[in-house]
Each structure stands twice: as C-alpha cells, then as structure tokens.
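Below is a short briefing on one protein chain. Look at the sequence and the structure first, then read the points grouped by topic.

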Amino acid sequence: MDVKAKTYILAMLSAFPQTQDVDALMLAFEIGCADIPPEYVCDAAQAYIRGEVERDNHRFAPTVPEFVKQCRNGAAFDQIKQSEPATVLQFPKSKFRQQWDAGKIPQADAKAREQIAKMIGDENAG
C-alpha cells in the first residue's frame with residue numbers, strides 16, 4: 001500500500017474515537033486493502049470522513065471488511081462507467097411473425113388481420 005493511501009486511512013481512523021490498538025488496526029486495513037488501487041482507498045477514506053457513506057452509526061470507524069467493501073464499490077462503479085454502453089438485446093422474431101412479414105399469411109380478411117395484429121402486437125398489421 002502506498003504512503004498516500006496509508007495517510008488517508010490514518011486520517012480516517014483519527015476522525016473517530018478509538019478503543020483498539022491503532023497499529024494493529026492499521027495492519028488489518030493494509031492487509032484488507034492490499035490488492036486495491038490507492039486512489040480507491042483514498043476515496044473511500046474521504047467518503048467516511050465526510051459522512052458520505054450510508055451507515056447505521058457514524059460515531060465509530062468502519063470495520064476493515066466494511067471499508068474494503070466501500071473501496072471495491074468505488075472500483076466497480078468506475079469499471080461500469082468506463083465500460084461500453086449497454087445495448088438492447090435483440091430477440092429473434094417468432095416463426096409466425098417471420099411468415100407475416102414475408103407475406104406468407106393471407107392478409108385479405110380484415111377480421112383475420114385484426115386478430116393477427118393483436119397476436120403479434122403490431123398496430124400497423126390490421
């Protein structure tokens with residue numbers, strides 16, 4: 001973990017009352033955040049200091065798993081933002097609809113056209 005990320009975690013811990021050994025707690029945070037990029041660690045620490053993380057109790061520092069989860073949520077959100085936009089799934093047309101579009105189903109009878117349009121959900125078919 002880089003120095004900046006450690007500094008942010010220590011600043012976050014200092015913002016809350018402590019009842020534990022800070023060195024041991026810091027080691028636990030380092031282990032928990034070992035594979036997380038420093039920018040996400042810093043962002044999560046800032047979010048806790050500013051009270052931006054939804055929690056039941058803002059009086060105490062987050063647990064290591066809670067903090068790691070917040071770091072990973074930030075990383076996951078950035079990955080979603082950077083990914084390509086979602087596309088609408090294209091489902092194949094039903095066999096009936098394919099035949100209708102190809103003109104293979106008789107369309108002369110107005111009542112039949114209306115019933116078929118209702119079946120395939122096409123206002124223009126009737």
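Arg72 lies in helix H4, which covers residues 64-82. The model is predicted, so to speak of local features a pLDDT of at least 70 is needed, side-chain atom pairs count only at pLDDT 80 or more, and totals for chains, interfaces and linings use all residues. Residues are numbered from 1 along each chain as its sequence is written, and side-chain values use heavy atoms, with hydrogens and water left out.

**Arg72**

- Arg72 has a relative accessible area of 39% and is therefore partly exposed; buried means under 20%, exposed over 50%, and partly exposed in between, with a 1.4 Å probe and protein chains only.
- Leaving aside residues up to four places away in sequence, Arg72 touches Gly32, Asp35 and Ile36, where contact means heavy atoms within 4.5 Å.
- Tyr40 is 32 residues from Arg72 along the chain, and their C-alpha atoms are separated by 7.5 Å.

**The chain as a whole**

- The chain has six helices and zero strands; helices (H or I, at least four residues) and strands (E, at least two) are DSSP runs, numbered from the N terminus.
- In sequence order the pattern is α-α-α-α-α-α.
- Of the 126 residues in the chain, 26% are buried.
- Of the contacts between residues at least 6 apart in sequence, 59% join residues at least 24 apart.

**Helices H1 and H2**

- H1 (residues 3-14) packs against H2 (residues 22-32) at an angle of about 130°, and their axes are 11 Å apart; axes are lines fitted to C-alpha atoms, for helices over the stretch in contact, and angles run from 0 to 180 degrees between N-to-C directions.
- H1 and H2 are therefore oblique to each other, given that angles under 35 degrees count as roughly parallel, over 145 as roughly antiparallel, 65 to 115 as roughly perpendicular and the rest as oblique.
- On the H1 side, Lys6, Ile9, Leu10, Met12 and Leu13 take part, and they meet Val22, Leu25, Met26, Phe29 and Glu30 in H2.
- The residues of this contact of H1 with H2 comprise eight nonpolar, no polar and two charged; Ala, Val, Leu, Ile, Met, Phe, Trp, Tyr, Cys and Pro count as nonpolar, Asp, Glu, Lys and Arg as charged, and the others, Gly among them, as polar.

**The two sides of H2**

- In H2, the buried residues are Leu25, Met26 and Phe29.
- Down the axis of H2, these buried residues fall within an arc of 100°, so they line one face of the helix; the arc is that of the directions from the helix axis to the C-beta atoms.
- Asp23 and Ile31 are exposed on the other side of H2.
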